Amino acid sequence: MDQQSTLDALAQARETLTRQAKEIEALQQRLQREQFAEELQQLLTSLEATSIILAPFTHSQLLEMVVRTAAQVIAAQAGSLFLIDEEAQDLVFEVAIGPKSQAVKQFRVPLGHGIAGMVAVSGQPMAISHAREDQRLAVDIASSIDYVPESVLCVPLFYNDRVIGALELLDKMGAPSFSPTDMEILALFAKMAAIAIAQSRAYQDQRSVLNALLRSFGEKDPDHRQRLYRGAIAFSNWMEKDTVADTKARKLALLVHELTSYGENEYEMCVNILQSFVTNLRNRQGGYDFSLSGTVQGRSI
Amino acid sequence: MNMQPAWSSQFTHETIRRISLDPPVDSITWEDACEGSTGKGVKVAVIDSGIDATHPAIQGPVNGYVEIRAGDDGLVYNEEPHEDAYGHATACAGIIRAIAPECELYSIKVLGKALVGTGTIFMAGVRWAIDHDMHVCNLSLGTTKKDFFASLHELTDLAYFRRVVLVSAANNLPIPSFPSMYASVISVASHQEKEQDPYRFYYNPEPPVEFGAPGIDVRVAWQNQQWITATGNSFAAPHITGIVARILGKHPGLTPFQIKTVLRTLAANASRP
C-alpha cells in the first residue's frame with residue numbers, strides 16, 4: 001500500500017469514526033431528551049411551514065372562491081361572507097366581492113341590524129326584493145357607500161349546530177328576486193364555507209396543542225410526561241391519517257420553509273422561481289381569476 | 001282489591017268520556033271549517049322578534065306582551081309593550097291578522113340583538129305560551145342546537161297534550177332544526193307557487209314537513225312602518241297559523257291532531273271521493 005492510499009484509508013476511517021461519533025452523540029442526545037421531543041419539533045416545523053403555505057388557500061382565498069363561485073352560479077352582482085364576533089356581538093366582513101367591495105369591508109354589522117344580522121340571530125334564511133323601497137334594511141351600510149341593492153339573499157353559516165356567520169348575495173341578475181332554488185344552492189355553498197372555516201380553526205387548535213406540549217416538555221413529573229407521551233402518540237396517529245395530497249403539500253412546504261431560512265436573496269429567488277413556474281402552469285391551464293403572488297409576498301415567511 | 005294500571009283508569013265504564021265527531025274532520029269543507037270566523041276568541045302567540053303594534057298591517061291591538069332575555073341571575077320577563085327588533089315578528093303577525101283579523105295577538109319576544117342564550121330563551125317563550133293558555137303559536141324560527149333536542153321535544157309534547165297548536169317553519173338548510181322536525185308540531189315550508197292566495201296550501205304525505213304554504217315574494221309588514229317583498233319559510237308558517245286561528249274560532253277545543261286532519265282535508269291537493 002503506497003503512502004497516498006494509506007492517507008486515503010486513514011481519512012476515510014477518520015470520517016467514518018467522526019460520523020459514527022456524531023451519530024452516537026445524536027442518539028444519546030435523543031435518548032436524553034426523550035425521543036418524541038424531536039419528533040414533535042419536526043412535526044411542529046412541518047405544521048408551521050404547511051400552515052404558512054396552505055393557509056391562503058384553506059381560509060381567505062378559499063372563502064373568497066366560495067363567495068365568488070356562489071355569485072357566479074346564482075347570477076348575483078355582489079356577495080359577502082360575515083363571521084360573528086361573539087365578544088363584540090357584531091358581524092365582521094370576512095369576504096366582500098362586487099362593486100364597492102373594498103369600501104364595504106371597513107364596516108361591522110351589529111347583530112340586530114339588517115337582514116344579515118337577523119339571519120345570524122334567527123338561523124333562518126331569507127330573501128327580499130324591492131329592497132330599495134326601504135333603505136334602512138341591510139342596506140344602511142350599502143347606502144352609505146352609494147350601493148343600494150334591489151334584491152338580497154342571505155343564509156346562515158353553521159359550524160356544528162351553531163350559527164357562526166352569514167353568507168349574503170346582492171342583486172340577482174336577470175330577475176327581480178332570488179328564487180327558493182337559489183336559496184337552497186346558496187345554503188350548499190354556505191356549508192362549504194363553514195367546512196373551510198372549521199378546518200382552519202381546527203388547524204389553529206392543533207398548533208396550539210402542539211405548542212403547549214413542547215412548552216411543558218421540561219416537566220419533571222413522570223405522570224405528566226407520560227400523559228404528554230400519550231398525547232404525542234395520538235397526534236402522530238392523526239398525522240399519519242393525512243391524505244397523499246397532504247403529505248405532498250407538507251413535503252413541498254418543508255422545502256420552501258428551508259429555502260426561506262437561508263436569507264433574503266434566497267427568499268427572493270425562491271419566490272421568483274415558484275412564481276414563474278405557477279404562471280407557466282396557469283397559462284397552460286387557462287388560468288385562475290386570482291393571484292397567488294400578492295398573497296405570498298404579503299405574508300412574512 | 002281491584003288494582004288497575006294508572007292510565008287504564010280513564011277507560012272504565014264509569015269514567016270513559018263521550019266524544020263528538022262534529023265537525024267531521026276528515027270530510028270537512030272550507031265553509032264548515034271556518035266560514036264566519038274571524039279568529040275571535042282565539043289566542044295567537046307570535047314567538048319571534050316582538051310585534052310592532054303600530055304597524056297598519058296589525059289592524060288592531062296586540063293583546064299581550066312578554067320580552068324574555070338573559071339577566072345576571074337567570075331569565076328576565078318583561079310584560080311591558082315592546083318594539084320589533086327586526087321586523088320579522090311584525091311580518092308574521094301581519095299575515096296572521098290578514099287571515100284572522102279578530103284573533104287575539106300575543107307578542108312573545110325571544111329574538112333580541114344578542115346571541116347569548118338564544119336556545120334557552122326560545123324554550124322559555126314556548127313555555128310562557130303554554131302556561132298562559134295560548135291556543136296557537138307561530139314559530140317562524142327554531143334552534144339547531146342539539147343540546148335542546150330532548151327538552152324541547154318534551155315541551156312540544158306538553159303543548160300537544162294541552163291542546164296548544166304549534167305551527168313551526170321548517171328550515172331550508174340541510175341541517176335539522178327544532179321543533180319543526182317533531183311530530184307534535186305542524187311543520188310548514190314554502191310551496192313553489194307565486195300565486196298570492198293566502199288560503200292555498202298543500203299537504204305533504206311524506207313528513208317531516210307536512211304543509212306547503214305561500215312563502216315566495218310575499219308582501220309583508222316590516223320595521224319602521226315599512227313593507228317588503230320577502231321569501232322564506234318564515235312567511236309560509238303564519239299563513240297556516242292564521243287559518244288555524246279561524247278554524248279554532250269556529251270550532252274551539254279541537255285538538256292538534258284534529259287540526260292537522262282538518263288542514264289535510266282542506267289542502268289544495270286533497271281530492272274528495
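**Close-up views of chains A and B**

**View 1. Chain B meets chain A.** The contact draws 33 residues from chain B and 30 residues from chain A. On the side of chain B that touches chain A, the largest share comes from strand 11 of chain B, residues 227–231. That strand supplies four residues. By type, this side of chain B holds 14 nonpolar residues, 15 polar and four charged. The model shown in this and every other view is predicted.

View 2. Strand 4 of chain A covers residues 126–129. Its partner here is strand 11 of chain B. The two pair in the antiparallel sense, over three bridges. Look for A127(A): T231(B), in strand 11 of chain B, stands opposite.

**View 3. Chain A as a whole.** Chain A has 11 helices and six strands. The chain is 301 residues long, and 29% of them count as buried. Now take the contacts in chain A with a separation of 6 or more. Residues 24 or more positions apart account for 59% of these.

**View 4. Strand 1 of chain A and its two partners.** Strand 1 of chain A runs over residues 76–85. It is mostly covered, with seven of its 10 residues buried. One partner is strand 6 of chain A, residues 162–172. This pairing is antiparallel and spans seven bridges. Within strand 6 of chain A, G165(A) stands opposite L83(A). Another partner is strand 2 of chain A, residues 90–97. Strands 1 and 2 of chain A also pair in the antiparallel sense, over seven bridges. Here G79(A) has I97(A), in strand 2 of chain A, as its bridge partner.

**View 5. The hairpin turn in chain A.** Strand 1 of chain A and strand 2 of chain A form a hairpin. Four residues lie between the strands. Find Q89(A) in this hairpin: its phi is positive, near 55°.

View 6. Y77(B) sits in strand 3 of chain B, residues 74–78. How exposed is Y77(B)? Y77(B) is partly exposed, because 13 other C-beta atoms lie within 10 Å. A residue counts as buried at 20 or more such atoms and as exposed at 12 or fewer, so a count in between is partly exposed. Leaving aside residues up to four places away in sequence, Y77(B) touches V66(B) and I68(B). R219(B) is 142 residues from Y77(B) in sequence. In space, the two are 32 Å apart, C-alpha to C-alpha.

Methods. Residues numbered from 1 in each chain as written. Chains lettered and ligands numbered in written order. Predicted model: local features only at pLDDT ≥ 70, side-chain atom pairs only at ≥ 80, totals over all residues. Pairing = 2+ DSSP bridges. Contact = placed C-beta atoms within 7 Å. Nonpolar A, V, L, I, M, F, W, Y, C, P; charged D, E, K, R; others polar.
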